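Q: I am new to this one, so please walk me through it feature by feature.

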Amino acid sequence: MLNEYAYCPRLFHLMHVEGRWDDNRFTEEGREVHRRVDRLDHVLPDPSAETSGDGEAADEEDQRPEIARSVSLGSEALGLTAKLDLVSTAGEEAVPVETKRGRVPDTPERSWEPERVQLMAQGLLLREHGYRSDHGVLYFAASRTRVDVPFDAALENRTQELVEKAHAAQRSTTIPPPLDDSPKCRGCSLSGICLPDETLVLKAIPTGEHAGPTDTHPPVRRLYPSRDEALPFYVQEQGAKVGKSKKVLVVKRSGAELGRARLKDVSQLVILGNVSVSAQAIHLLCEASIPIVHFSTGHWFYGVTHGMGLRNAFDRQAQFGAAGDPERCLAFARRIVEAKGANQRTLIGRNVRPRPKDVGAAMQALLKKVPHAQSIGELLGLEGGLASHYFRAFGGALRPRDFESEWDFDGRNRRPPRDPVNALLSFGYAILAKECTVALMAEGLDPWWGLFHQPRHGRPALALDLMEEFRPLVVDSAVLTAINTAMVTKRNFKRSQASCMLGPKGRKAFLRAYEARLDQLVTHPLFGYRCSWRSVIRVQARLLSRWLRGDIPAYPPMTTR
């Protein structure tokens with residue numbers, strides 16, 4: 001922890017105050033390097049003055065060092081606990097040896113300050129336990145080199161200073177500012193959670209404006225993968241059971257295996273309808289912090305099974321505080337209604353030919369009123385007006401290959417949907433609500449307590465808030481793709497006079513269109529780098545959390561031009 005505080009106070013806060021963690025290649029390699037060290041815990045021997053057989057002190061060359069690995073030490077006086085990789089002791093002298101994954105850095109000291117501070121703290125603990133410790137050793141595994149670190153007065157004073165600051169930081173609920181254009185961020189496994197460049201850019205944008213990054217700020221670096229390797233695992237075969245075999249999820253029905261997925265490749269387990277999950281599989285998924293998402297056969301989003309996840313309450317405290325502040329709720333609601341309406345207008349302009357100028361003009365007139373709305377009720381009216389114009393023109397974007405009247409669309413209807421297009425829209429919005437719920441829970445927020453959508457039993461109100469800007473960008477776009485490319489046909493629906501329902505083959509086909517859309521790369525309008533829509537949803541959930549905590553001045557919604 002001391003190493004991490006010396007490296008970056010914001011990293012320390014995320015890890016040890018908020019309980020955040022994410023792996024990358026460097027952390028995996030570091031874990032592998034420490035595998036031998038951590039295999040067996042040793043007890044540190046008591047210090048003793050070595051003597052020869054006649055009672056005289058033995059020569060130093062006759063003293064044989066004793067090696068102890070994975071040694072746990074603690075001191076209330078110092079306010080430190082540690083597990084030392086390796087300690088070499090000889091009589092009253094002890095030398096701590098700390099293993100590092102990388103190569104020897106090209107610095108005058110041949111090491112970085114956080115590494116020297118960590119080693120000095122181990123030396124202080126050894127002194128507290130009666131040993132003489134005047135230097136330590138850093139072993140760099142990649143270059144197979146040992147670097148001696150003298151424990152001088154300057155390093156000791158710096159270490160004690162950082163210990164006091166780290167204790168104070170551990171008690172603070174305010175997230176420290178990010179490092180500014182630091183090379184440290186590139187190798188940090190939490191850079192995608194921290195969002196250092198994005199945070200600094202948003203702090204520089206005046207509140208209420210939708211400008212992009214300023215010319216004076218360095219380009220925003222995308223410090224997280226553009227696409228996720230782990231993806232949702234959907235199971236919709238009725239009567240199927242999800243079990244596990246070691247670190248693999250296995251789906252069976254009547255004893256026959258239907259499919260399997262490695263745990264590291266799964267971001268969510270999504271079950272639709274009559275699908276059961278074994279207790280062992282639930283334990284495995286909860287331990288890995290992988291949520292199980294439940295849908296009914298009729299595509300109702302019922303809820304989420306998940307492990308303990310984040311154990312801090314700071315984000316929720318800030319969320320509930322904002323929800324109780326009418327001015328903050330209104331400011332947030334204006335932004336998401338404006339973003340949703342702008343994205344709807346863009347989709348119509350791109351996909352309907354000839355372009356409906358009257359609809360675009362009517363929507364633009366309503367959008368100009370949004371920033372001046374004085375209440376949530378007024379915003380709901382403006383949102384309804386925008387949706388009415390949007391869905392009146394949406395049918396013009398449908399160009400099914402079979403040209404059947406089944407695809408006629410004259411407006412939005414639901415509960416239950418009465419035509420194929422509305423059935424697809426309803427299913428799409430349900431799985432998008434799932435996506436936003438999982439993203440918010442990963443940030444420690446309560447998806448059921450909204451700011452624009454008011455809390456109501458059984459409704460994930462904050463997830464609905466977050467998904468508003470993504471409805472036309474993700475779901476409506478996927479619906480157009482599924483219909484216009486014949487991925488979904490009229491044979492994939494079950495119809496009656498009262499309702500229309502998507503069948504199993506249609507669900508599979510639409511899920512392919514939906515997942516392909518989430519995996520599609522997009523250039524972020526504020527940050528300028530390319531990432532997938534799935535990553536954008538996760539980033540927006542993090543930015544919402546940061547706005548609630550006061551880390552950025554305003555929530556920046558996602559819009560496309």
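Q: Let me start with R158: what is its relative accessible area, and how do I read that value?
A: R158 has a relative accessible area of 27%, so it is partly exposed. This is a predicted model, in which local features need pLDDT of at least 70 and side-chain atom pairs count only at pLDDT 80 or more, while totals for chains, interfaces and linings use all residues. Residues are numbered from 1 along each chain as its sequence is written, and side-chain values use heavy atoms, with hydrogens and water left out.

Q: Which residue forms a salt bridge with R158?
A: Side chains of opposite charge can pair when their charged atoms come close. Here a salt bridge is a side-chain nitrogen of Lys or Arg within 4 Å of a carboxyl oxygen of Asp or Glu. The partner of R158 is E161, with 3.5 Å between the closest N and O atoms. E161 is partly exposed too, its relative accessible area being 35%.

Q: How many salt bridges does a search of the whole structure find?
A: The search finds 24. One of them joins the side chains of E443 and R20, at 3.0 Å from N to O. That pair links distant parts of the chain, 423 residues apart: E443 is in the loop between α14 (420-442) and α15 (461-467), and R20 is in the loop between α2 (9-16) and α3 (25-33).

Q: Are E443 and R20 buried or exposed?
A: E443 has 1% relative accessibility, so it counts as buried. R20 is at 7% and counts as buried as well.

Q: Which residue meets D315 in a salt bridge?
A: Look for R549: the two side chains meet at 2.8 Å, N to O. This pair also links distant parts of the chain, with D315 in helix α10 (residues 314-323) and R549 in helix α18 (residues 533-549), 234 residues apart. D315 counts as buried because its relative accessibility is 2%, and R549, at 18%, counts as buried too.

Q: Now to strands: what is the order of the open sheet of four strands?
A: As a general rule, two strands pair if DSSP finds at least two bridges between them. In this sheet the order is β9-β8-β7-β11, and the pairing is mixed. β9 (256-262) and β11 (276-277) are the edge strands, each pairing on one side only.

Q: How many bridges join β8 to β9?
A: Six bridges join β8 (residues 248-253) to β9, and the two strands run antiparallel. Across this pairing, V250 stands opposite R260 in β9, while V251 has G259 of β9 as its bridge partner. The two strands form a hairpin with two residues between them, and S254 in the turn has a positive phi of about 55°.

Q: What do β7 and β8 form?
A: They form a hairpin, again with two residues between the strands, and K246 in the turn has a positive phi of about 60°. Five bridges join β7 (residues 241-245) to β8 in an antiparallel run, and K244 stands opposite L249 in β8.

Q: In which sense do β7 and β11 pair?
A: They pair in the parallel sense, over two bridges. You can find V242 standing opposite V277 in β11.

Q: To finish, how many helices and strands are there in the protein chain?
A: The chain has 18 helices and 17 strands. Of its 561 residues, 51% count as buried. Along its principal axes, the C-alpha trace spans about 105 × 60 × 40 Å.

Definitions and conventions
Buried means under 20% relative accessible area, exposed over 50%, partly exposed in between (1.4 Å probe, protein chains only).
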